[in-house]
Every structure is written in structure tokens, then in C-alpha cells.
Amino acid sequence: MIWQHIPYYKEFIALILVSLIIIGLIYKSSILKKYWRIRLFIAIGSLLWFVAKFLELGFIDTEIKLFWIKIQITSIFIFSIALFIFSLYYSGRERWLNKLGMTMLLVIPAISAILLYNNDLHAFILNNIDIKVIDSLLILEKGYGPWYWIIMSYTLILLL
């Protein structure tokens, strides 16, 4: 494991620590309240996103960087779906979250997760991956395939 110099590493570590404190507070203060699990999933999804970005910037190996990028995209799914479910509960539309509604909500993320972790076979999500050096920092230059834009549009619609 070879680490490179990460710009703003102190801010990343502070953000991760604050996120851990928020997760602890959510768990401790709202375990007896309504919808505490959804709040916890929102916080865990965002924490996973921060940690994956920090670790992606820290490693030099391309395969490890790609792994952390896949974790980031997965955490975007977790965050956006949990936030959408929370907004449905908060607005009084929890009746939409029956078996059919949850199945329809999770179809695109399930297909996307399968395609994401098998991306080497088809490159529907990430393609044209090159290493770019910016001020002694190795960054993956990524091209995005058609399914990436479908899943990002889906998450944007969920967030809106």
C-alpha cells in the first residue's frame, strides 16, 4: 500500500470524523423515534462516499482506485435511495413503499450494481480510463458509458 500526498487530507479526515460523530448521535438519540433507520442509512451512505473518495485519492494503483470509485458509486445509490424513502415517510406517502413500490425503486440500482462490478467485461459504466498526473497527484481520467448517465439521471430524479 503506497499512499500519495492527498490535498486537503486534514479536511477529509475532519469530515470523516464529523460524519462518524453524526452517525453516533443519530443512533443514540433517535433509536426510539420514527424513521431512525432511514436517517442512519443516509448518514452511512454519505460517510461511505467520503471514505471511498479519500481512499481513492490516497492509492496509486489503478485497480485499487477503480475499486474505490465503484464503492463511491454504490454509496451514491445508498444515499439517494435512503433520502428518497425518508422524504416519502416525512411527507406522509409511506403507502408508496409497499412491495411493488420497493421493487420498482430498487430495480435500476440492482442492475447497476451488477453492471458496475462487472464493468471490465462490457464498459457500460466506466470506459477510457487513463492516469493523469496533476502536481504529483495521480488521478484517474474516466470516460463514462451510457449506463452511467442512466444511473446518474435516476439518482438525480430521486434527489429532486
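In which helix is the place of isoleucine 13? I looked it up and found isoleucine 13 in helix H1, residues 9-30, a helix here being a DSSP run of H or I with at least four residues, numbered from the N terminus.

I noted that the model is predicted, that local features need pLDDT of at least 70 and side-chain atom pairs pLDDT 80 or more, while totals for chains, interfaces and linings use all residues. Residues are numbered from 1 along each chain as its sequence is written, and side-chain values use heavy atoms, with hydrogens and water left out.

Of the 160 residues of the protein, 39% count as buried.

I then turned to the pair H3 (residues 62-90) and H4 (residues 99-117), whose axes come within 10 Å and cross at roughly 175°; axes are lines fitted to C-alpha atoms, for helices over the stretch in contact, and angles run from 0 to 180 degrees between N-to-C directions. H3 and H4 are therefore roughly antiparallel to each other, a label for angles over 145 degrees, with under 35 called roughly parallel, 65 to 115 roughly perpendicular and the rest oblique. For contacts, meaning heavy atoms within 4.5 Å, I listed residues on both sides, including Phe77, Ile81 and Phe84 in H3 and Leu105, Leu106 and Pro109 in H4.

Finally, I recorded that the C-alpha atoms of the protein fill a box of roughly 50 × 35 × 25 Å, taken along the principal axes.

Key:
Helices (H or I, at least four residues) and strands (E, at least two) are DSSP runs, numbered from the N terminus. Buried means under 20% relative accessible area, exposed over 50%, partly exposed in between (1.4 Å probe, protein chains only).
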